[in-house]
Amino acid sequence: MIKETLDKIRPHFEKGGKLSALRSVFEGMETFLLVPATTSRSGCSIHDAIDSKRIMSFVVIALLPALLTGMYNIGYQNYAAAGAEGTFVEMFLYGLAVMMPKIVVSYLVGLGIEFFVAQKKNEEIQEGYLVSGLLIPMIVPVGCPLWMLALAVAFSVIFVKEIYGGTGMNIFNPALAARAFLFFAYPGKMSGESVWVADGKLFGLGNSLPDGFTMATPLGEAAAGQTVPMDFSFVSGLMPGSIGETSVVAIAIGAAILLWTRIASWKIMSSVFVGGALVGFLFNISGLETPTAQMPWYEHLMLGGFCFGAVFMATDPVTSARTEGGKYIYGFLIGALAIAIRVLNPGFPEGMMLAILFMNMFAPLIDYCFVQRNIGRRAKRAQTK
């Protein structure tokens, strides 16, 4: 039925049709709903059972456990802060009501810009923003205003993706670039103790909090010089933090999906944790007497956006290293830098965002070094023969 409907209206969008100016929009919707019928006609191609649309779809599926847990945590933190009682359904529905406008704004602004650019350039609309549009709302605090989120999305799509040529051509991770834009442009809405709990009633759900109410994340408490004892919330995710980054269990489920479908590289993912654990352990035995330095290395891996970044951000196939050996170095340096930034610069208690963006910049250099080494080895073998 879908195919018949699209075939019927297609002539209106083809050259000479009254809606030909919207041809890219029609093709984008068609490829989203159906498998494209186009095939390679010349040149050397690698044929596989998966394409970019399915890759993006699997990543979205892998993000769902963290997203749903984050929605419940929004409601849980609101009810806990107000000292009110609520059922699981009430807390989840409140979180859903808070989260959905952020997702809608993210997709409307991001896809709107991508549709406009594709139409102006007479190109096909890519599926890349299908993931970025969900990632961006998940890595910001619940208190981030919608207009601010829209501004960050526009910055990310225009200056991080389209200016480099679109999906597959960007150097930096678009979702992290949006978060970095917000962090440096509006630091008061991205950190501190007043942005982690949703305040107010929505559709008869949720609670209004007292004036001046604040609540810090565990990393924020450590950066402020407080000792943070480990408890079950470190794993369950029922603690203040960015919407999708708190639950280790939910992120682990997403990691299992990505690894099982071979969408993400296990080499990068595991190397991030190895690098973070090693540097965290070295700080533990360094004698540096600060709460972040003395925080056990395994707590570093569970707090903040470390797990989320290692699973969903560092493994981005566009901005990460692509050589097999380079993936180990790329991931290891991300984990090591993230913990080093946390410990040595209290002004950036998270660390993961800056570490991944920094290594995005050096991923091409890592690949270049490995490629040149391989070329040199082959040249020596040829001379020997």
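This is a predicted model: local features need pLDDT of at least 70, side-chain atom pairs count only at pLDDT 80 or more; totals for chains, interfaces and linings use all residues.
Local features require pLDDT of at least 70 and side-chain atom pairs pLDDT 80 or more, while totals for chains, interfaces and linings use all residues. Residues are numbered from 1 along each chain as its sequence is written, and side-chain values use heavy atoms, with hydrogens and water left out.

**View 1. Helix H4 (residues 88-121) crosses helix H6 (residues 146-161) at roughly 30°, their axes coming within 9 Å.** Helices are DSSP runs (H or I, at least four residues), numbered from the N terminus. Axes are lines fitted to C-alpha atoms over the stretch in contact, with angles from 0 to 180 degrees between N-to-C directions. The crossing is right-handed, that is, the near helix is turned clockwise from the far one by less than a right angle. Residues of H4 including Val105, Val109 and Ile113 meet a set in H6 that includes Leu149, Val153 and Val157; contact means heavy atoms within 4.5 Å.

**View 2. Seven side chains, Met230, Leu278, Phe281, Leu282, Ile285, Trp297 and Tyr298, form a nonpolar surface patch.** Together they have about 660 Å² of accessible area (Shrake-Rupley method, 1.4 Å probe, only the protein chains shown counting as cover for residues). Patch residues have over 30% relative accessible area and no salt bridge, and nonpolar side chains are joined within 5 Å. Helix H11 gives the most, with 3 residues, and Trp297 is placed in helix H13.

View 3. The whole structure holds 6 salt bridges.

Key. Helices (H or I, at least four residues) and strands (E, at least two) are DSSP runs, numbered from the N terminus. Patches are made of residues with over 30% relative accessible area and no salt bridge: like charges are joined within 9 Å, nonpolar side chains (Val, Leu, Ile, Met, Phe, Trp, Tyr) within 5 Å. A salt bridge is a side-chain nitrogen of Lys or Arg within 4 Å of a carboxyl oxygen of Asp or Glu.
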